[in-house]
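I opened this notebook to record what I looked up in the structure. The entries follow the order in which I consulted it.

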Amino acid sequence: FKQGLLSGRLTVSVRYKLEAAGSGGTLVTRELRMQTAGVLIVIRPVLVGAIRKENERILQRMKAYLEARVLCYLHN
């Protein structure tokens with residue numbers, strides 16, 4: 001973004017890796033890379049907290065979705 005004399009950049013990339021685990025489970029690994037530039041460097045700790053919270057929410061939703069699909073599959 002650019003607002004007057006202030007400018008900043010935030011780049012976030014997220015990668016999920018799903019692997020078969022014992023007992024029919026799935027191991028989910030999340031790799032997150034974040035780069036800040038400009039004035040956003042100052043609020044980086046706040047951004048890290050917000051991104052972490054959102055990623056945890058996404059993982060919980062993904063888990064619920066996948067578990068519901070497995071239960072649906074097992075009952076059909």
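In what order do the strands form the open sheet? I read the order as β1-β2-β3, three strands with antiparallel pairing. I note that the model is predicted, with local features needing pLDDT of at least 70, side-chain atom pairs counting only at pLDDT 80 or more, and totals for chains, interfaces and linings using all residues. Residues are numbered from 1 along each chain as its sequence is written, and side-chain values use heavy atoms, without hydrogens and water.

For terms, I took strands (E, at least two residues) and helices (H or I, at least four) as DSSP runs numbered from the N terminus; two strands pair if DSSP finds at least two bridges between them.

I looked up the edges next: β1 (2-3) and β3 (26-38) each pair on one side only. Strand β2 (residues 6-20) is joined to β3 by 13 bridges. I found Arg 9 bridged to Ala 37 of β3, and Ala 20 opposite Thr 26. Between β2 and β3, which form a hairpin, I found five residues; Ser 23 in this turn has a positive phi of about 60°.

I then turned to helix α1 (residues 44-75), which packs on the sheet and touches β2 and β3. Contact means heavy atoms within 4.5 Å. The direction of α1 makes about 155° with that of β3, from axes fitted to C-alpha atoms, for helices over the stretch in contact, with angles from 0 to 180 degrees between N-to-C directions.

Last, I checked Asn 55, which lies in α1. Why does Asn 55 count as buried? Its relative accessibility is 5%, and buried means under 20% relative accessible area (1.4 Å probe, protein chains only). Beyond its neighbours within four places in sequence, Asn 55 contacts Val 14, Tyr 16, Arg 30 and Leu 32.

How values were computed:
Buried means under 20% relative accessible area, exposed over 50%, partly exposed in between (1.4 Å probe, protein chains only).
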